[in-house]
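Here is a short briefing for a first look.

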Amino acid sequence: MPDKMHIKVTVNGQDEEFLAEPRELLIYALRERLNLTGPHVGCETSHCGACTVIVNGKSVKSCTMFVGQANGAEITTIEGLGSPDALHVLQETFREHHGLQCGFCTPGMITRAHKLLEENPNPTEEEVRFGMAGNLCRCTGYQNIVKSILAAAAQMNGAQEAAE
Amino acid sequence: MIPAPFDYYRPTDIAGVIALLEEHGDDARVMAGGHSLIPMMKLRMAEIPHLIDLQDVAGLGGITIDGSEIRIGAMTTQADLIDHEGLAAAAPILREAALQIADPQVRYMGTVGGNVANGDPGNDMPGLMQCLDAQFTLVGPDGERTVAARDFYEAAYMTARTDEEVLTCVSFTAQPGGAAYEKQKRKIGDYATAAAAVQLTREGSTCAAASIAMTNLSDVPVWSPAAGAALADTPVDDSAIKAAVDAALADIDPTEDNRGPVKFKRHVAGVILTRAIKSAWARA
């Protein structure tokens, strides 16, 4: 049996260290070692996007990354974007526009949408749909998810204009 | 899904990678983005006792454009390809093809090197690189050698790369004219039911030369010289396009799977190739 690796990662701004076999998938390290149960295990075959987190500035399906690969990385999960007391703009707009029904896909949706808006702060509807194509939702039919993301973009841009 | 255990290595230079490959032979595999290999390992269709992660190896990234000569480091991701404005100007077909691969998350991780080296008939870059007449640079214990994309693929997952070699770079000469990559897939993230890469040059109102390759319609990518020749010295009218499609369909060998029976795949291949030729010609 190969040795366990000493893994050091920064998750949501906090340094974390633990021992793990390199074959452990990042999603399980996040959920079971660090108790970050926001990212979900959906299909576990890199299709559904429910496990999406941000690793070194990239949207990543954490079911398709070994924890060994993530060693040294900076990781952001949905828990790092907002909290129940201080929701992220995307969390607010998903609530307001009914961007979720059962909610299972929502952490992955919002974490991916966050990165999308960082790269493209003013997307068209088509760009939102293309940029969110790696996240599946089986409830909403996507209309309200797209609305929620466009609303968040408008709100974030409005806030920026107000600040200038 | 838990893969079989493995020893994990993250060397920082290519010499370190080759030393590990020499030591462990076919018990070792290199991994780039991992988005083909990791699913195979999770399904236990691949068991890799020694996994060599290339993410820290110096000199495997980057896109360089020197006139019409283009070099793409093996660890360049599909997202890097899409974002590179210089490449989009010099060879826009790469962005067009990359945007049709998988989904955004996978494109952040999936690399050009992994896509061409894996030898999966479903991957899009091998056919594209055959169309562009790209060269693959392989580095091994005996140094560096170059293999043409058109000579690289032997069978599904079988390529000219030996177990001790690493594919480090893809290079090609950008051609004037028009090019297009068209792909039919069942859903986002799926491999092609059929896909076609076309590059052609125009002289006045006729096509001077054309290169045509197809994806996922055989156990290797199919570059069809006969299809290209059928377009040369024609005005790329309906009869020339039909001749090219007929020639390409004679060179493919699709098999029935959950993307459809052979007859359907041949039909889709004809539709997709026709679209790609028309699109490339309109851009030429």
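Over all chains, the count of disulfides comes to zero. A disulfide here is a pair of cysteine sulfur atoms within 2.5 Å. This is a predicted model: local features need pLDDT of at least 70, side-chain atom pairs count only at pLDDT 80 or more, and totals for chains, interfaces and linings use all residues. Side-chain values use heavy atoms, without hydrogens and water.

**Cysteines**
- A:Cys51 is in no disulfide, and its nearest cysteine sulfur, that of A:Cys63, lies 3.9 Å away.
- A:Cys51 is buried, at 4% relative accessible area.
- Buried means under 20% relative accessible area, exposed over 50%, and partly exposed in between (1.4 Å probe, protein chains only).
- A:Cys105 is in no disulfide either; the nearest cysteine sulfur belongs to A:Cys137, 3.9 Å away.
- A:Cys105 counts as buried, with 11% relative accessibility.

**Surface patch on chain B**
- B:Met1, B:Leu43 and B:Met45 form a nonpolar patch on the surface.
- Together they have about 310 Å² of accessible area.
- Such a patch joins nonpolar side chains (Val, Leu, Ile, Met, Phe, Trp, Tyr) within 5 Å, from residues with over 30% relative accessible area and no salt bridge.
- A salt bridge is a side-chain nitrogen of Lys or Arg within 4 Å of a carboxyl oxygen of Asp or Glu.
- B:Met45 sits in the loop between helix 2 (37–42) and strand 3 (50–53) of chain B.
- B:Met45 is exposed, at 59% relative accessibility.

**Confidence**
- The model scores ipTM 0.95 and pTM 0.96.

Technical notes
Residues numbered from 1 in each chain as written. Chains lettered and ligands numbered in written order. Patch = residues over 30% accessible without salt bridge, like charges linked within 9 Å, V, L, I, M, F, W, Y side chains within 5 Å. Areas by Shrake-Rupley, 256 points an atom, 1.4 Å probe, with all protein chains shown as cover. Helix = DSSP H or I, 4+ residues; strand = E, 2+ residues; numbered from the N terminus.
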